[in-house]
Each structure stands twice: as structure tokens, then as C-alpha cells.
Amino acid sequence: MKQELTDISALKRKVREKNNPLAYLFLLPAYILILYFVCWPALQTLALSFTDWDGISPKKFVGLRNYIELFTNEPMFWEAIKHTILWVVGGSTIPVWGGILLANLLVRGQVRLAKWFQMIYFLPQVISAVIAAVIWKWIYDPLFGPLAAILDSLGISRPAAGWLGNPDLVMYALFVIFLWGSFGYTTMIFTAALQSVDSQLYDAAKIDGCGFWGQFRHVTLPGLYQAVTTVTVLMAIGSFGIFDLVMATTKGGPGYSSYVISYYVYTQGFIVNRVGFAAAASIVLTLFILIVTRTIIYFRERNE
Amino acid sequence: MIRAPFLGRGLVYFFLSAIALLTVCPFLLVLVTSLKTMDDIHKRGPMAFPETLHWHNYVDIWKVGNFLLYFQNSVVVTVVVVASVVVLALIASYPFAYMKFRGKGFLFLIILLGLMVPLDLIIIPLFHNLKSIGLLNTLWAIILPQIALSLPFSIFLLRGFMKDIPAALLESARIDGSNELQNLLYIIIPMLYPPLVSVIVFNALGTWNNFMLPTILVQQDHLRTLPVGLNYFQTKYTMDYSKIATAAVISALPTIAVYVLFQRNITTGMMVGALKE
């Protein structure tokens, strides 16, 4: 009898070692919040995307109609897609190259005060996008702005409506703000990654007769391979979510010339109340993000 | 590169400094503008240094509209979010690092998915859910989703650092009769000081700067946080750049101060976020 009891308690202990129920208690509060405020709404969006809903009256199931409309009957959405793709292509390349260049100069050039340079480059990253928007809207202002004043005093001609008011230039003007805000981040990550590259590799490359470019190609780039992939993916993801910047500068204007998908979702869902439609657009946005990041990772891994 | 030629080194420094200057210029511009009056800007042009520095702009701004309330809201939201995230993420990452339980892989997958969910994907139902439970247009409408959105990264980061603490330490404590909560409080937390600071700084910056959540989830002026209030100011006082500049500087100062003080921790957090994957 006694023997049996100890057997059972040993068994119980064994089960507990495999499955400690206390763990669920520890996870419960965090998971209630994550499930209710993140996971559940994500599924709801998917369900909403198959309905016609204005936010108040009963939802009407319409199947794939929203998706079909989006791609066949919404020139505004196409504009938004075009701008978003441009932005993602620019955002996942230019700041990455700039970051590699600067990190290379800072680390390989054995620059004194490198920490200070890095800190200054990073500063725009810590302020809210709205503050960046406030500052740059003023810089770009055609009447009182510093950029206009500088160009005028140098006698260089400039667009009359300013940069943010010009339909052809507005995306580039916004991209400059994005670049200003993001290259410090890429520089910081690449600097850390470069510092962990074995310096003996550089000595070996030098003995093999590699110059500055040779060392860069054969030592630096391979050493940064993993970091480049991750940063490219992160920058691509970041480029999809430029709602803040657009909202605080141009509100998609002039006309629709700075519409991006995430701003489109906002106007459809909260301004004109085509909620089901907006849900479909945000599903498309999410699929885009998944496809782009998967593609980047696929090509990088294939090249390895 | 042992010693590049003198000229080359000079060029490198020149290039790096030029970029640094271009990066700080917008900050300096907004700082100088915040110390001007609109008269200065009209008479002397946007670039000129003002004759007298109008420090009183920094006193007057608190009486403009609801600026004081925006600031208070930002402080309240940030403090509540950061405190909750730290506590919840600590107790949630402990089982992932040290306990065995069924469904561990699946539950951690939810964390990894949570890292990737774009705000755009959840914002529409979030709005309607908060409306139906009566939280829309309260500060909770910003606080609760912000906590939920911050948890995955914080849990991911803390679990990563917890795994580096040897489990043998906990085993010996368990044999000495210490329970799991005591383990967490007296053994793990004291050893997690640096990553905890990263979690605090990261979430504080992210919450303070968040724009999309409060823009959509609160619509009354007295509930706005600084970024939303600032955005409202710049449409309301379009012609008064010095006022907007002052408000912008005050909104940016806390984050810049936090960054300069905790630079190292921010870097650690970034590295984990980017490279430890």
C-alpha cells in the first residue's frame, strides 16, 4: 500500500516535470491581452473583408466582392499600391547601402569619436514621426521655409507649390524624410555587425593583395551577410507602415499623389466608412508584407 | 586599413561630419524657430537668428489649447503601459525559459506571430471592439492595445536573456525549497537588469511616439497624447510656426533625453530585435 502511494506520487511528479500547470498561470495575463487585442482582431479583419459593412448597420456577406472591386474598380487603390511598392523598394535598399557605407567608414576607418557620429545619426529615429513631419513641412514650405530661402538666395529655381505640394515630387520629398529618419538605425546595426568580423581576415586579405575594394568585397560583405538580410527585411516591413508620416504631412495629397496602402486603409475604414472594403485592403497589405519578406529571405538563402 | 593616407582620412572625416551636420540641421532649425516670434520669421527670413531669444514661448505654450493635457496624457499612458508590460512580460517569459508544459511551442509561435502583426491589420476591429465594450474615448483605449502590442517583443527579448542564465542555478534553488515565484523575484530579476532597462526604454519610446493608435482610438481633444495633439496643432495654428516648433521641441525632449542617457540599452534592444532572430 505504502509502496503504491509513493509510486503514484512519483508518477504525478513525473507528469508535472513534463507539464507544469503553473506555467499557464504565469502566461495567462499576457495571453488574455495578446489574444483579445491582437490575434482576435486579426481574425475579425479577415471575416470583415468578406462583408459589406458601414460600421453601424448589419453586416452583409458578399464573398470576394471587396477584393475584386479593389483590383478592378479602384484607381485610388492602384495609386496606393504603386506608391507603396516604390517606397518598399527604395526603403529596403537605399538606407541599407548607406548604412553599410557609413558603418564601413566608421569601423574600418578607425574613426575617432565614432560613437558620437553614430549617436547623432541615430537621433531622428527616437522622435515621433509627427515631430519629423512638423520639422520637414516647415523646411519644405514654399513661402517661409528655409529650403526655399536657400535656393532663392543661390538663384536656383524651385517648384512653385513647394515639394510636398507638387504631385510629381511629393513621394520623393517624403522619402527624404524617411531616409533622414532611418539611416542611423541601419548604420548602428551594421557597425555592431562589422565590429564582430574577425580583423585577422582583413590581414589575410591584405597579404593576398586585396585593396580597399577587395577587402570590402571579400571580407566585409560576406561578414555582413546575415545582418544585411535581416535589416533588408526589417526595412521592407517598416516601409509598409508609413501611415504616420503621410498622415502628418500630406494626408495623401495633393490629390492622391501620396496615397499609400496603409493610409488608404485608414480613409476607407474611418473616414468614408467602407469598413469591409478597408478590411480587404488591409488583408492585401498583410499579404504583400508576407510575400515581400518571404521573397527577400528566399533569394538570400538561395545565394548562400 | 592600418593608416590610410592623410588626405583619405581627411576626406572620411569630412564626409562623416557633413552627414552629421545634415542630420542635426533640422533639429537646430526647429530649436531656433521655437525661440522666435512670427515677426522675426517674417522680417528676417526663416534662417536668421532671432535678435532676442524668446524663452517665454516655453512658458506660454502650456496655456495654448489643451497642450498641458496632451503632455499629461502622454505621461500617464506611457507610465501605465511600461509598468504593465514589464510585469506581464517578466512573468510570461519565465515559463518559456525554465518550465516544461504542453503547448509551449504553439504558444511561443503566437508570440512570434505577434511580433509581425502590422497595426493596419487589426486597427479596424480594434476600434469597433473597444466601442462595444465602452472603452472607446477613454485612455484605456490607447493603454490596453498598446500593452498587448508591446508584449510579444518584450517577452521575446526577456526570454532570450533568461535562457543565458544557467538553469542549474534554479535547480539548486528549487532543491532548497524556493518556489517559482521566488526564483523569478530573487534570482532572475536581479540578473536581468540590463535587458530590463532595454525593455523599459524601448516601450517608453514606442508608446510616447505612437501616433496611429491614439489618432484612431480617441477622438476627444482632452484625451489626445502629444503626437496627436501636435498634429492637431499644426493644422490649427498653420501660420504660427514658432508655436508649433515650441510644442515639437517639448514633445521631442523627453525621448532625446532618454536616448542619450540609455544609449547602450537601446542599442542592445535593437541588436536583439534585428540580429538574434
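A crossing of two helices is called left-handed if the near helix is turned anticlockwise from the far one by less than a right angle, and right-handed if it is turned clockwise. Helices here (H or I, at least four residues) are DSSP runs numbered from the N terminus, as are strands (E, at least two).

The model described here is predicted, so local features need pLDDT of at least 70 and side-chain atom pairs count only at pLDDT 80 or more, while totals for chains, interfaces and linings use all residues. Residues are numbered from 1 along each chain as its sequence is written, and chains are lettered from A and ligands numbered from 1 in the order in which they are written.

**Where the two chains meet**

Two residues are in contact if their C-beta atoms, placed from the backbone, lie within 7 Å. By that rule, 73 residues of chain A are in contact with 72 residues of chain B. The side of chain B that touches chain A is made up of 54 nonpolar, 13 polar and five charged residues, where Ala, Val, Leu, Ile, Met, Phe, Trp, Tyr, Cys and Pro count as nonpolar, Asp, Glu, Lys and Arg as charged, and the others, Gly among them, as polar.

**Two helix pairs**

Two packed helices are described by the angle between their axes and the distance between the axes. The axes are lines fitted to C-alpha atoms, for helices over the stretch in contact, and the angles run from 0 to 180 degrees between N-to-C directions.

| Helix pair | Axis distance | Angle | Handedness |
|---|---|---|---|
| H15(A), residues 275–303, and H6(B), residues 119–132 | within 8 Å | roughly 160° | left-handed |
| H5(A), residues 94–108, and H9(A), residues 170–195 | 7 Å | about 50° | right-handed |

Angles under 35 degrees count as roughly parallel, over 145 as roughly antiparallel, 65 to 115 as roughly perpendicular and the rest as oblique. H15(A) and H6(B) are therefore roughly antiparallel to each other. Their contact involves Val275(A), Ala278(A), Ala279(A), Ser282(A), Leu285(A) and Thr286(A) on H15(A), and Asp120(B), Leu121(B) and Ile124(B) on H6(B); these residues divide into six nonpolar, two polar and one charged.

H5(A) and H9(A), by contrast in angle class, are oblique to each other. Among the residues of H5(A) that meet H9(A) are Gly98(A), Gly99(A) and Leu102(A), and those on H9(A) include Phe183(A), Thr187(A) and Phe190(A). By class, this contact has 12 nonpolar, eight polar and no charged residues.

**A largely enclosed helix**

A residue is buried if 20 or more other C-beta atoms lie within 10 Å of its own, exposed if 12 or fewer, and partly exposed in between. Eight of the 11 residues of H14(A), which spans residues 261–271, are buried, so this helix is largely enclosed by the rest of the structure. Tyr263(A), Tyr264(A) and Tyr266(A) are among the buried residues. The cover over the buried residues of H14(A) includes H4, H12, H13 and H15 of chain A, together with H6 of chain B.

**Two residues with positive phi**

Most residues other than glycine have a negative phi. Asn273(A), however, has a positive phi of about 55° although it is not a glycine, and it is found in the loop between H14 and H15 of chain A. With 13 C-beta neighbours inside 10 Å, Asn273(A) is partly exposed. Gln110(A) also has a positive phi, near 45°, and its place is in the loop between H5 and H6 of chain A. Gln110(A) is partly exposed, with 14 other C-beta atoms within 10 Å.
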